[in-house]
Amino acid sequence: MTILARLIRIALVTALCIIVFSAVFEFLNVVPHYLFPPDYIQDVARYRKSTPLFGAFLWGVVFRAPGYLFLGSVPLLLIFAVLELLSVKNRWIYLGVWAGAALLAVGARFLSSELVAALLSAAIVGYIYWLLAGRTAGDWIHAWRARERGSGRGFMTYASYAVLAYLAYQLAGYLHYCGKLLWVSSISEPGLGSPPFHVMGRRGLTGAHKVALMDFPDPHSCLENAMEELSPENLKRMDWDRIDNEAEAEVCMFRLLGSYEDMSSATDWFEAQGFRVPDGFSSARPYADRDGTLRVSGSYSIRKNGPKFPTRGFVRRLFHSIPYGMNADATWSSNGKQLLGVRITFNTL
């Protein structure tokens, strides 16, 4: 019972700190623009009235916090669980963990205002976490061991062992993925595969994309049972059981959609995956962007059907159920012959 109570406390404090980080980061991000409006703003008073400082707090809690909770809760919980078992109480270590998480989440540019806001916010929540949980890390272990020796091993003791074993299993998975990230980022960058994968706009290839390129090098690797024949019907049988994140989904969707001769089969392909394709974004009537590219889009209701991926793991599916919807955009060249990119986005409250 002691272990479960401690884990619950760590989880609640972590969630609180993520929410506080979201609010403080948004606030600090707005401050420079509020104090020093852009040169083109003529009516400074009206500009400041329409950009209230404390409205940023609400924005951070309502709109930014759900995404951070969705992406960051499990990795942070695993890190803090390890620090608990090691009885780490050094506040600087917790500040460092939150600073690293902040930079990964925000993606702030070097020496930008976002970087300053992210680091200041991380320092605040790092100290809050240390104050509420970090400074007592491991104290419960001695009390638990003494109680266990005096009372024997009951049901709650074995339940606690089960929770620790589950956390260790999850941590092993994250360490394995981090090893892949290190490999593709520093040792051997994978090729673009077939058809050659690329992303549109300024995003560029992320580390997660590079891992996905290594794991899914061609259309066969994305299909159920790795089917050999790439017929139009077989290309619709994407193996969603192997998909764990949006980068893997984007790579595999690109591999399969890009294997068709043109965009005429995109609507049928999306609908075979359970997406709903609006008339104005279909293969017959694609949306035409300003640069002449054509876009076919599909939407998937997570609220109604549950997360499309991952297909296994109660905790992972629970976190992926936070968004109420998922959208997939496939962009083709102006003649509809070449697939230029696939982008997945999520809708949250």
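**Notebook: sheet, contacts and salt bridges**

I began with the side chains of Asn-327 and Asn-347, which are joined by a polar contact of 3.2 Å. For polar contacts I took a pair of N or O atoms within 3.5 Å; within protein, one must be able to donate a hydrogen and the other to accept it, and residues adjacent in sequence count only if both atoms are side-chain atoms. The model is predicted, so local features need pLDDT of at least 70 and side-chain atom pairs count only at pLDDT 80 or more, while totals for chains, interfaces and linings use all residues. Residues are numbered from 1 along each chain as its sequence is written, and side-chain values use heavy atoms, with hydrogens and water left out.

**Entry: around Asn-327**

I placed Asn-327 in strand β3, residues 325-332. Strands (E, at least two residues) and helices (H or I, at least four) are DSSP runs, numbered from the N terminus. I then listed the contacts of Asn-327, leaving aside neighbours within four places in sequence: Gly-298, Ser-299, Arg-343, Ile-344, Thr-345 and Asn-347. Contact here means heavy atoms within 4.5 Å.

**Entry: the sheet**

I looked up the strand order next. The sheet is open, has 4 strands in the order β1-β2-β3-β4, and pairs them antiparallel. The edges are β1 (287-288) and β4 (339-347), each with a single partner strand, so one side of each has no neighbour in the sheet. Two strands pair if DSSP finds at least two bridges between them.

I went through the pairs in turn. Strands β1 and β2 run antiparallel and are joined by 2 bridges; Ala-288 stands opposite Leu-294 in β2. The hairpin of β1 and β2 has 5 residues between the strands, and Gly-292 in that hairpin takes a positive phi near 95 degrees.

Strand β2 (residues 294-301) is joined to β3 by 8 bridges, again antiparallel. I noted two facing pairs: Ser-301 is opposite Gly-325 in β3, and Ser-297 is opposite Asp-329 in β3. I also checked how covered β2 is: 6 of its 8 residues are buried. Buried means under 20% relative accessible area, exposed over 50%, and partly exposed in between (1.4 Å probe, protein chains only).

Between β3 and β4 I found 8 bridges, with the strands antiparallel. Trp-332 stands opposite Leu-339 in β4. The two strands form a hairpin with 6 residues between them, and Gly-336 in the turn has a positive phi of about 75 degrees.

**Entry: salt bridges**

A search of the whole structure gave me 6 salt bridges. The criterion is a side-chain nitrogen of Lys or Arg within 4 Å of a carboxyl oxygen of Asp or Glu.

Asp-289 counts as partly exposed because its relative accessibility is 23%. Arg-295 is buried, since its relative accessible area is 18%.

I then took the salt bridge of Arg-237 and Glu-224, at 3.3 Å from N to O. The pair links distant parts of the chain: both residues are in the loop between α8 (207-215) and α9, 13 residues apart. Arg-237 counts as partly exposed because its relative accessibility is 38%. Glu-224, at 29%, also counts as partly exposed.

A further salt bridge joins the side chains of Lys-236 and Glu-233, at 3.2 Å from N to O. Is Glu-233 buried or exposed? Glu-233 counts as exposed because its relative accessibility is 53%.

**Entry: Leu-256**

I found Leu-256 in helix α9, residues 246-257. Leu-256 counts as buried because its relative accessibility is 0%. Which residues is Leu-256 in contact with, leaving aside its neighbours within four places in sequence? I listed Pro-219, Cys-222, Leu-223, Leu-235, Met-238 and Trp-269. I also looked up the separation from Pro-232, which is 24 residues apart from Leu-256 along the chain: the C-alpha atoms are separated by 9.5 Å.

**Entry: nonpolar patch**

Last, I turned to the surface. A nonpolar patch there is formed by Leu-58, Trp-59, Val-61, Val-62 and Phe-63, with about 470 Å² of accessible area together. Patches are made of residues with over 30% relative accessible area and no salt bridge; like charges are joined within 9 Å, and nonpolar side chains (Val, Leu, Ile, Met, Phe, Trp, Tyr) within 5 Å. The areas come from the Shrake-Rupley method with a 1.4 Å probe, and for residues only the protein chains shown count as cover.

I placed Phe-63 in helix α3, residues 55-85. Phe-63 is partly exposed, since its relative accessible area is 43%.
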